[in-house]
Amino acid sequence: MADYIWLIPFFPALGFIINSSIGSRTSKTFVSWVACLAIFLSFLTAVGVFWEFLQLPATARIFEREIYNWIASGELSVNIGFRLDALSVIMCLVVTGVGFLIHVYSVGYMHGDPGYRRFFIYLNLFVFMMLLLVTGNNLLLMFVGWEGVGLCSYLLIGFWYEKDSASDAGKKAFIVNRVGDFGFLIGIFFLFLSLGAQGVWTLNFGEIGRNAHLLSGGAATVITLLFFLGAIGKSAQIPLYVWLPDAMEGPTPVSSLIHAATMVTAGVYMIARLNFLYSMAPDTMLVVAVIGVLTAFFAASIGFAQYDIKKILAYSTISQLGFMFIAVGVGAYAAGIFHLMTHAFFKGLLFLGAGSVMHAMSGELDIRNMGGLRKKTPITYWTFFIACLAIAGIPGFSGFFSKDEILWKAFSSSQGHMLIWLLAAVTAGMTAFYMFRLFFGTFHGECRASEEVKHHIHESPRVMTIPLMILAFLSLVGGYVGIPHLLGGENSIEKFLAPVFGPEIPVKAALNFDIVSAAWASGGVAGHDGSLELALMVASVLIALLGITIAYVFYVKNPGLPGRFAARCSGLYHVVHNKYFVDELYDLLFVRGTLKAGDFLLRVMDDWIIEGLVNGTADWVKRAGGRLRKVETGYVQEYAFGIIVGAIIVVGYLIVMPMF
Amino acid sequence: MNQTFPILSAVIFLPLAGALLLMMLPRQKALFIKVSALIWTLLEFALSLPLFFNFDEKTPGMQFVERREWFPEWGISYLLGIDGISMLLVMLTTFLTVLCVLCSWRGIEEKIKEYYVTFLLLETAMIGALCALDLVLFYFFWEIMLVPMYLLIGVWGGPRRIYAAVKFFLFTMAGSVLMLLAIMALYFHYGGETGIYTFNVFELYKADIPVLKQYWLFAAFALSFAIKVPMFPFHTWLPDAHTEAPTAGSVILAGVLLKMGVYGFLRFAIPLFPAAVVAATPLISWLAIIGIIYGAVMCIMQTDLKRLIAYSSVSHLGYVMLGIFALNMQGLEGGIYQMLNHGISTGGLFLVVGMIYERRHTRMIADFGGLSKVMPRLAAFFMIITLSSIALPGTNGFVGEFLILLGVFRSNMLYGVLAATGVILGAVYMLWMFQRVMFGQIKKEENKRLLDLTKREAAILCAIVVFVFLMGLYPRAFLKKIDATAAGYLNDVQVKTAVYASAGNVPVKQSEAK
């Protein structure tokens, strides 16, 4: 297989080329077959590589192939080349696997759209760029994929470009991401030149990894912080998360594939890929973990007071990405990638489920106008339910294993901290609450839609429900690749990833039991490691159940309660509902600020100072020229100016010359 | 092509011959004139291809050199030659001129014969200036170049064409006069020092000029070239010239003429006056950085498409200058590459705007909106060229911008970081422009029935887009032609500047000079 790894990104590229060149002369069926088949073939190739990896000893699981020399200038030489190892093969499987299901789903979802062909062209292009991002064997190629997925995100968010809100959202996504990319780019320069100063000129991941020890701790900190800025943009963390909720303007399969399952996790992947640099920079790791946990908490709190089904899911995605950053921030890279994978299953499913709901509800997005869909859309209901249980972290579902792994590592890792764990655990409870608020509001109770909409409610066609069921299955069992030792498993995914992530970050020498015992250890379980881990696990499950129970009380038992609650603390509610006014603040600071500055510069600098000087000189010359004309008529004024200027300079020059 | 065939002369004067031929054609036969002009520029492009393919990429020095005595008593010779820098610019010129003829097909309806004659003359002057290695010969072509451009704007331009043409002429003329004086001063200095009176650049490179005098001469050359680039704050002629020029005029102005300023720095100002380069690098770098950011902010404010693209040129050329003055391999190669990219992508943008203008006779952004709906093919091309302009990886713009920023960052971290903010601003103004023109609902009745691209227009934009991707995906094909020249060039410059830089205290040399 090693010689064929380039096929993984190649197939989607081929699909893109076929559909964009001859697609307009063919049928919709042809277009969708090409698009889906391209992703499927790519998936099969990834499976083949994965299979071969399993036969090989852990250390031999790296396939690397260079295709051609792309850019070379002086010491810089960058190849187009691909690298598959344990990490990238998992990413490939997730991207092509989930990607394929979402492609199939889109065949049904986008059926009546006039931009059908364009949609699949963009979608194939996206998968190509995403695969380039994860399989590129050097930083610059990763950056190509990085900006490439950003482009596709821009194109797909603004897919319905006639809507101003859609094209605004696309533009916002691109520009906010560029702020992050700016950091990424400078990070590349810094890394390249720092290693270069040690005599190693390379951007190849393998070579960087082998020579990372040459870097000073300070350089590693600066480099990793710059890269993290890129991750903040792409993975929508504080303060650059603002584009992701707006990105929901795109078609729902796009939200599912790009803005939940794959692209937005690129930042997590990048940190995992560069784990050897991050492990050298504990300060950066702390920043990553803190930003992660703050984002997780902050976004979850906004999720409390939203009514748009996709917006709630968007804030939930931001929050879950925060969890992944906690993981990589405390050195638990494998746990981060594990959660990335399970999240791709259940969040991809949630978005597709939301799409199915919109399909049933004639495009309705507001959960206040939903309710009671359980009977009419049973498949959507049950699959959505499974996804909600998974994200809430109910034992047995995929999200439980991955989230619990993160919580445990946040607590126990030498890079972790009690407070990070505490805030994350609270956030987990909040997640359970707002997800079930959404779930109950949509599927339970009375249907609050208009009669006309009600009349049309129907389950989605097979082409949409089958992907839902497959993803539900994965959300259910996806966690079993990472059953912790504590529960008798062997955490296979961590074991599989171990060759990439090197030695595990050690557990804290002395776990801080004092606070724990006060809070949780009343049962006296704070004895040895295992029992503490179990205690924390039980605690997080209890928190999740509590969240679900409150949601049940609020939205099923006693539906009047939330309204009274909101009225009681209307000030807080107002602030949260309006997303803490962060968008308004950014608008004031950056958008209007730039426009004001631009307006000032245009009027004062260009039109007044520079043009004033120029025209002033011209006027002066004109007057001088006028006098000149009296002496000798027939001069063309323009030429006169040249000659006059020349004359002045000659005289000036003759005066200056003797100085030499 | 063997050594004896004077290929550079042929490439320079073939368009002139074409111009003479066109003059003899009857003016009523418009189509015949157009087709002849097209065939002639295609021939010219074909003739220039051997320059690319037979170019020896291992040689740092001049190739295809031709030398004839011209006025031996004054040391003026007809000396031609190209290296990796000028060869690619010559190729860009012959390539863009073909597209310019094609894109004028319907836009130019008056004085057709004169128009194409002017264009061919312009081509001769541009290529001549790029190949000339004798200062007088260079200056001759450099000045000749002004006249056809002045006419293109002044005769075939928009409503304020006279104002724009005069402004263009005066700005560049002011610089040229200074340069002429500096050339004379250099000539007399070298002659007085060595007894050899010559305008041969390679001879003059050897001159040992006192530091203070270098400053003055460099200032004169630099001012002339900086106006042409144009660098902030000498840029205000450019938006007017671009807006009023016909489409092809804008394409060639942005694509080639602006590069003449950068080329002038590369060929003359930098190697001739190394001490001044050392001293002036911070000033020029700061002006370039201001140009990058200022140009981008100006773009955000523009309401006229062509003015917007004009200001984007100020920003892009800021990158080019900054890269070159980083004086390292990545910066220099990136700068040269970015000149080519800018010719392709900004040329492409002007072509697209021209196509829209021919349909709507307006360039105001507010008059558009929702054009994607009626012109999907134009929208696709426009999008690709826009992305190339904002340096999306995979397109040509990325390669140049990446190399420049890497080089700049390497020579001065602060410059690198400041310049990189242009990456963000570039996306802001281009995407906003694109959104306002192409996205949203069609609000104006006139826009509802616009025709999509014709075959001719699609062919033009295809040619641009092919290069966008070719240069983005396989830049080695072009960069390797620059490698040897750039390495040799930097070596020379570093040896020369080291004398002044390592001394640390330039004033010492200066006092010696007195």
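Tutor: Let's start with a definition: helices (H or I, at least four residues) and strands (E, at least two) are DSSP runs, numbered from the N terminus. On that basis, chain B has 20 helices and two strands.

Student: Before we go on, what kind of model is this?

Tutor: This is a predicted model, where local features need pLDDT of at least 70, side-chain atom pairs count only at pLDDT 80 or more, and totals for chains, interfaces and linings use all residues. Residues are numbered from 1 along each chain as its sequence is written, while chains are lettered from A and ligands numbered from 1 in the order in which they are written.

Student: How do I read pLDDT, and what is its mean for chain A?

Tutor: pLDDT is the predictor's confidence in each residue, from 0 to 100. For chain A the mean is 85, and 90% of its residues reach 70 or more. Over residues 512-528 of chain A, though, pLDDT is below 50.

Student: What is the radius of gyration of chain B?

Tutor: The radius is taken over C-alpha atoms, and the globule rule is 2.2 Å times the number of residues to the power 0.38. Chain B comes out at 22 Å, close to the 24 Å that the rule gives for 514 residues, so it is as compact as a globular protein of that length. Its C-alpha atoms fill a box of roughly 75 × 55 × 40 Å along the principal axes.

Student: And what percentage of chain B is buried?

Tutor: A residue is buried if 20 or more other C-beta atoms lie within 10 Å of its own, exposed if 12 or fewer, and partly exposed in between, with C-beta atoms placed from the backbone. In chain B, buried residues make up 62% of the 514.

Student: How many residues of chain B touch chain A?

Tutor: Two residues are in contact if their C-beta atoms, placed from the backbone, lie within 7 Å. By that test, 52 residues of chain B meet 46 residues of chain A. The largest share of chain B's side, eleven residues, comes from α17(B).

Student: At what angle do helices α3 and α10 of chain B cross?

Tutor: Axes are lines fitted to C-alpha atoms, for helices over the stretch in contact, and angles run from 0 to 180 degrees between N-to-C directions. The axes of α3(B) (residues 84-103) and α10(B) (residues 247-272) come within 9 Å and cross at roughly 170°. That makes α3(B) roughly antiparallel to α10(B); angles under 35 degrees count as roughly parallel, over 145 as roughly antiparallel, 65 to 115 as roughly perpendicular and the rest as oblique. Among the residues making this contact are Leu89(B) of α3(B) and Val251(B) of α10(B).
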